[in-house]
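I opened a notebook page for this chain and wrote down what I looked up, entry by entry.

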Amino acid sequence: MKLKVMLVDDELLVRLGIKSLIDWEKHNFEFIGDAADGEKALELMERQVPDILLTDIVMPRMDGLALIEAVKQRYPRMLVIVLSSHNEFDYVRKAMKLGAQDYLLKTSLKPTELLDLLIEAAQKLAADHTTLSISQSSISPIADDRRSRMTHALLQLLQGVYDEAGGMANDDSIERLPSGRVLLVLRAKRIRDGAIEQSAARLLEHLIESELDGILDSRPVAIRDNELAALLVASPGGGSGSDPERVVEQLENAAGRLLGLSLQAQTSSELASWKEAADFYEAAQAALSDSGMREPTREDIKRLIDYMKVNIAQDFSLKQAADMINMSESYLSTIFKKETGLGFTDWINAMRVEEAARYLEHSSLPSYSIAEKVGYENINYFGRIFKKLKGVSPQKYRAQRQERANAE
């Protein structure tokens with residue numbers, strides 16, 4: 001059965017444009033109508049109720065926020081996608097609080113992005129329909145109790161309370177780590193400069209619970225203001241749609257659109273014990289802290305960096321770099337980290353990995369040739385550094401980018 005879609009926007013050209021963006025029938029959707037404001041949309045819904053509502057925010061008579069509120073009261077299962085020209089966090093926050101599923105800017109709207117959101121909404125509706133007949137009163141307490149226990153265990157892990165045998169020390173209430181679990185560690189930052197507000201951090205937790213619901217085995221745990229961790233179930237039921245890497249990628253996209261946050265993610269392979277999870281967490285912390293390059297403000301550091309970028313394959317020591325700009329090694333080490341956010345060696349690795357990533361995405365050169373071009377003679381060392389900073393091997397990174405390009 002085709003899912004019914006309705007569009008609400010006060011600009012006629014926008015309505016005509018969006019209506020023509022997608023071959024609705026081909027993708028199993030039915031476009032059932034459009035309206036210029038919320039009041040007209042509610043009138044149309046009395047005759048035919050859509051499954052998915054696309055709505056602008058700023059409109060005359062009844063705006064999008066009021067429409068969402070009314071829709072959620074009358075048709076709680078309807079999914080809402082917000083389309084707006086306003087890139088204001090306050091609008092996004094209000095829309096999410098009222099129950100919007102996702103958010104896109106009209107000014108940068110692409111057919112593939114809208115179609116992806118519609119397909120995600122369709123999948124969510126299908127999942128909701130499948131579970132509708134299951135009594136929440138019989139399963140929610142069990143699921144919630146399990147998630148609470150795993151959240152408690154994760155907190156203990158982050159505090160370092162585990163023993164060498166793979167269990168948790170001094171806490172008999174925590175079971176051993178079940179098989180098929182992976183650990184996700186996230187670091188968030190504003191897409192534009194600025195601190196992450198407390199409200200945005202809370203919304204990120206809600207977004208994680210929403211986007212990762214099918215594979216989430218613990219609640220997201222705040223490590224610091226901009227860092228979170230969660231336990232996931234690897235491919236529950238064997239479905240490709242539940243692949244952690246794919247779902248985390250969708251989370252990253254949603255965080256950017258909805259909250260204006262850029263997420264850096266590290267996801268482990270399947271873990272055998274809490275000890276293994278702790279080891280991964282330590283490595284993930286290092287990888288995330290090593291990936292935040294900043295543009296320097298000092299002219300001498302800028303000149304040094306420009307030279308190293310041009311001569312990326314050349315071996316650089318701290319002493320050589322210090323001599324180039326007439327500075328002591330110890331002073332350069334301090335200033336370099338203050339200016340770039342990274343230590344000297346970490347910055348070189350980050351620069352080389354970013355260049356390698358561009359080669360992997362835009363060329364067919366084999367990994368060993370790319371490694372040499374960016375300054376690594378040892379292909380195995382290159383692979384370890386690349387995975388540390390990017391979270392996946394060079395081969396997997398290339399495959400993911402090619403898959404994404406083909407999908408677009």
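Is Asp56 buried or exposed?

**Entry 1: Asp56.** I kept in mind from the start that this is a predicted model. I looked up Asp56 and found that it is buried, because its relative accessible area is 3% and the cut-off for buried is under 20%. I then located Asp56 in the loop that runs between strand S3 (52-55) and helix H3 (64-74). Setting aside residues up to four places away in sequence, I listed what Asp56 touches: Val8, Asp9, Asp10, Gly64, Leu83, Ser84, Ser85 and Lys106.

**Entry 2: the chain as a whole.** I stepped back to look at the totals, and noted 16 helices and nine strands in the chain. Of its 408 residues, 45% count as buried.

**Entry 3: Ile52.** I returned to strand S3, where Ile52 lies, and asked which residues Ile52 is in contact with, leaving aside its neighbours within four places in sequence. The list I wrote down holds Leu3, Lys4, Val5, Met6, Phe29, Met78, Leu79, Ile81, Leu118, Ala121, Ala122 and Leu125. Ile52 is buried, with a relative accessible area of 0%. I also checked Ile52 against Phe29, which is 23 residues apart from it along the chain, and found their C-alpha atoms separated by 9.6 Å.

**Entry 4: the two sides of helix H1.** In helix H1, which spans residues 12-21, I found Val14, Arg15 and Ile18 to be buried. Looking down the axis of H1, I saw that its buried residues fall within an arc of 100 degrees, so they line one face of the helix. On the other side of H1, I noted that Leu12, Leu13 and Ser20 are exposed.

**Entry 5: helices H10 and H12.** At what angle do helix H10 and helix H12 pack? For H10 (residues 299-310) and H12 (residues 329-340) I found an angle of about 85 degrees, with their axes 11 Å apart. This makes H10 roughly perpendicular to H12, because angles of 65 to 115 degrees count as such. From H10 the contact is made by Ile301, Leu304, Ile305 and Met308, and from H12 by Leu332, Ile335, Phe336, Glu339 and Thr340. Sorted by class, the contact of H10 with H12 has seven nonpolar residues, one polar and one charged.

**Entry 6: positive phi values.** Arg61 lies in the loop between S3 and H3, and it is exposed, with a relative accessible area of 58%. For Asn326 I noted a phi near 50 degrees, again a positive value in a residue other than glycine. Asn326 lies in the loop between helix H11 (318-324) and H12, and at 75% relative accessibility I counted Asn326 as exposed.

Notes:
Residues are numbered from 1 along each chain as its sequence is written. This is a predicted model: local features need pLDDT of at least 70, side-chain atom pairs count only at pLDDT 80 or more; totals for chains, interfaces and linings use all residues. Side-chain values use heavy atoms; hydrogens and water are left out. Helices (H or I, at least four residues) and strands (E, at least two) are DSSP runs, numbered from the N terminus. Buried means under 20% relative accessible area, exposed over 50%, partly exposed in between (1.4 Å probe, protein chains only). Axes are lines fitted to C-alpha atoms, for helices over the stretch in contact, and angles run from 0 to 180 degrees between N-to-C directions. Angles under 35 degrees count as roughly parallel, over 145 as roughly antiparallel, 65 to 115 as roughly perpendicular and the rest as oblique. Contact means heavy atoms within 4.5 Å. Ala, Val, Leu, Ile, Met, Phe, Trp, Tyr, Cys and Pro count as nonpolar, Asp, Glu, Lys and Arg as charged, and the others, Gly among them, as polar. The arc is that of the directions from the helix axis to the C-beta atoms.
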